[in-house]
Amino acid sequence: MGEITRERKWGLALFGLPFLGVGIGFLILSVIPTLFEAQQMEGWPSTQGTLSSARLKSSTSDGSTTYGVEASYSYRVNGMSYNNDRVAISSGNDNIGSFQQDLGRRLERLYRNNKPVTVYYNPGNPAEAVLDRTLRWGLLGFKLIFVVIFG
């Protein structure tokens, strides 16, 4: 009674394999790249940019509201002009904390008042830029839940 058969062990392993894949997928495709990008962006220099649009967007489904930020901006580095629309390290909408609402309102206010925005750019490729390089620990923790539970 206490012994598990070889077939049952293989069956359990095959059952768990997709779950392990999801956990490893979240780790490799989301968590590690986010940490790497945040570390790289810490050393990026900044310049002043001009917002050509900025808006906080929201979506409600099943009683839950998610938020996202859209913005486009232009900036100059070494005499060259660039345009970009990357706002933060992690793209997409979410409802984890108030990061999206705070950033969206701040950018909308700067846009309305025609104020400059700080743009962080990759010195090796100035076309790569971001407006907010904050590492969102709450969002990262949420993703890590999937890594731990499924992995």
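Biologist: Leaving aside its neighbours within four places in sequence, which residues is G104 in contact with?

Modeller: Contact means that heavy atoms lie within 4.5 Å, and by that rule G104 touches L56 and V69 once its neighbours within four places in sequence are set aside. This is a predicted model, in which local features need pLDDT of at least 70 and side-chain atom pairs count only at pLDDT 80 or more, while totals for chains, interfaces and linings use all residues. Residues are numbered from 1 along each chain as its sequence is written, and side-chain values use heavy atoms, with hydrogens and water left out.

Biologist: Where is G104 found, and why does G104 count as buried?

Modeller: Helices (DSSP runs of H or I, at least four residues) and strands (E, at least two) are numbered from the N terminus, and G104 belongs to helix α2, residues 99-112. Buried means under 20% relative accessible area, with a 1.4 Å probe and protein chains only; G104 counts as buried because its relative accessibility is 0%.

Biologist: How far apart are G104 and R55 in sequence and in space?

Modeller: They are 49 residues apart in sequence, whereas their C-alpha atoms are 6.0 Å apart in space.

Biologist: How many aromatic pairs does the count come to?

Modeller: Rings of Phe, Tyr and Trp (its six-membered ring) pair if their centres lie within 6.5 Å, and planes under 30 degrees apart count as stacked, over 60 as edge-to-face and the rest as tilted. The count here is 2 aromatic pairs. Y73 and Y75 form a tilted pair, at 6.0 Å centre to centre with 35 degrees between the planes. The pair of Y75 and Y82 is stacked, because the planes are at 20 degrees, with ring centres 5.5 Å apart.

Definitions and conventions: Buried < 20%, exposed > 50% of the residue type's maximum accessible area, 1.4 Å probe, protein only.
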